Amino acid sequence: MSVAVTIRDVARLAGVSPSTVSRAISLPEMVNATTRTRVAAAVEQLGYEPNRAARGLITGRTGTIGLVVPDLANPFFASLTKAIQARARRHDVAVFVADTDEDPGAEAGLVRALSKQVDGIVLCSPRASDDDLAAFAADTTVVLVNRAAAGIPGVTYDNEDGMRQAVAHLVALGHRRIAWVGGPASSWSTQHRGLGLRNATEELHAVLVPVGNFAPTYEGGMAAADQVIATGATAVVAYNDLVAIGLLARLHSRGISVPGELSVVGVDDIAMSGMAHPALTTIRLPKQEAGWIAVELLLALLDNPDSQQGASGTRSELHGELIVRASTGPVPVPDRQP
């Protein structure tokens, strides 16, 4: 039976101390190039595990990437995380996941900490400013998901087209006064979905009534519902499905019939949207595809570091799809035009 190779075996063969071997593996920048080369050779010769560490000595890579999301409790980000982890696993790459809890300050701290431990970072729906994102990208290789920023590659959704689909659907049902429940003010998606709604309502001769910015959660939807009712709108588009489901719950408690008195549209098409009561009409965003593209793009940049600047304009834009369910219906008869 073979005996497992230890770090002391590597140290003896390389002619260094075990602590030097450890530093060469975990903190290669603290060890001079000649010593790193000797340690790497010993690691390969002895077949020292983990293999990831051995490869890291040779390639200068850790075999890990970071993933930063605003809220893992949100099923949208949970789905993205699973897609990213699955794709990374196909490349024998591990993923460190960090949740910012919708806090831009925490986001910056987590990115700085992760950048010292991983080869690159996927930032999902970051709340940071463009200047902060540029600073992140200067420190490590960064790919964005659901956010566009100059000079940083990534994957976005065509939010404006998705909102146009929603408005066209509502207008076809006779709705002319549509409320908009936005998400966090710092959210890129809030800004672009709002823009898409404004353009679509103007084009299709409807009136858009912004209600305000709310937490992108079930509780945020509950908090927005009374203000939506007060607008006199016959339909409402919510920032995401969680907000829309919160709206449905509060409307039910107020005795407001959906879609009889008010139609509701969400965005994302998370799994529970089809299980809501009534089932939620929503814009389905291709979450799995976005995760796959983000990983492939990040790994391509890591394999070809010189392409980072050339890839600064590289961005994949994915399109959403309107999924019509039971939460939207014809405008209430009293509000129909004669």
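The following legends describe an overview and several close-up views of a predicted model.

**Figure 1. Overview of the protein chain.** The chain holds 13 helices and 12 strands. Its C-alpha trace extends over about 90 × 45 × 30 Å along the principal axes. Of the 338 residues, 50% are buried. Among contacts with a separation of 6 or more, 69% are between residues 24 or more positions apart. The accessible surface is about 15,200 Å², with 53% of this area on carbon and sulfur atoms.

Figure 2. Helix H11 covers residues 241–253 and includes Asp241. Asp241 is buried and forms no salt bridge. The nearest side chain of opposite charge belongs to Arg325, at a distance of 5.9 Å. Two backbone nitrogens are shown with the Asp241 side chain: that of Val267 is 2.9 Å from one of its polar atoms, and that of Asp269 is reached at 2.6 Å. Leaving aside residues up to four places away in sequence, Asp241 touches Gly266, Val267, Asp268, Asp269, Ile270, Ser273, Leu280 and Thr282.

**Figure 3. Asp269 in the loop between E9 and E10.** Asp269 is located in the loop that separates these two strands. Although Asp269 is not a glycine, its phi is positive, at about 60 degrees. The residue has a relative accessible area of 11% and is therefore classed as buried, the cut-off being under 20%. The backbone nitrogen of Asp269 is the one that the side chain of Asp241 reaches at 2.6 Å.

**Figure 4. Glu102 in the loop between E2 and H6.** The loop that contains Glu102 runs between strand E2 (94–99) and helix H6 (104–115). Glu102 is not a glycine, yet its phi is positive, at about 60 degrees. With a relative accessible area of 23%, Glu102 is partly exposed.

**Figure 5. Cis peptide bond between Val258 and Pro259.** Val258 and Pro259 are joined by a cis peptide bond with an omega of about 10 degrees. Pro259 is part of the loop between H11 and strand E9, which spans residues 263–268.

**Figure 6. Cis peptide bond between His277 and Pro278.** The bond from His277 to Pro278 is cis, and its omega is near -5 degrees. Pro278 sits in the loop between E9 and strand E10 (281–284). Asp269 also lies in the loop between E9 and E10.

Technical notes:
Residues are numbered from 1 along each chain as its sequence is written. This is a predicted model: local features need pLDDT of at least 70, side-chain atom pairs count only at pLDDT 80 or more; totals for chains, interfaces and linings use all residues. Side-chain values use heavy atoms; hydrogens and water are left out. Helices (H or I, at least four residues) and strands (E, at least two) are DSSP runs, numbered from the N terminus. Buried means under 20% relative accessible area, exposed over 50%, partly exposed in between (1.4 Å probe, protein chains only). Contact means heavy atoms within 4.5 Å. Accessible areas come from the Shrake-Rupley method with a 1.4 Å probe; for residues, only the protein chains shown count as cover. Lys and Arg count as positive and Asp and Glu as negative; His and the chain ends are not counted. A salt bridge is a side-chain nitrogen of Lys or Arg within 4 Å of a carboxyl oxygen of Asp or Glu. A polar contact is a pair of N or O atoms within 3.5 Å; within protein, one must be able to donate a hydrogen and the other to accept it, and residues adjacent in sequence count only if both atoms are side-chain atoms.
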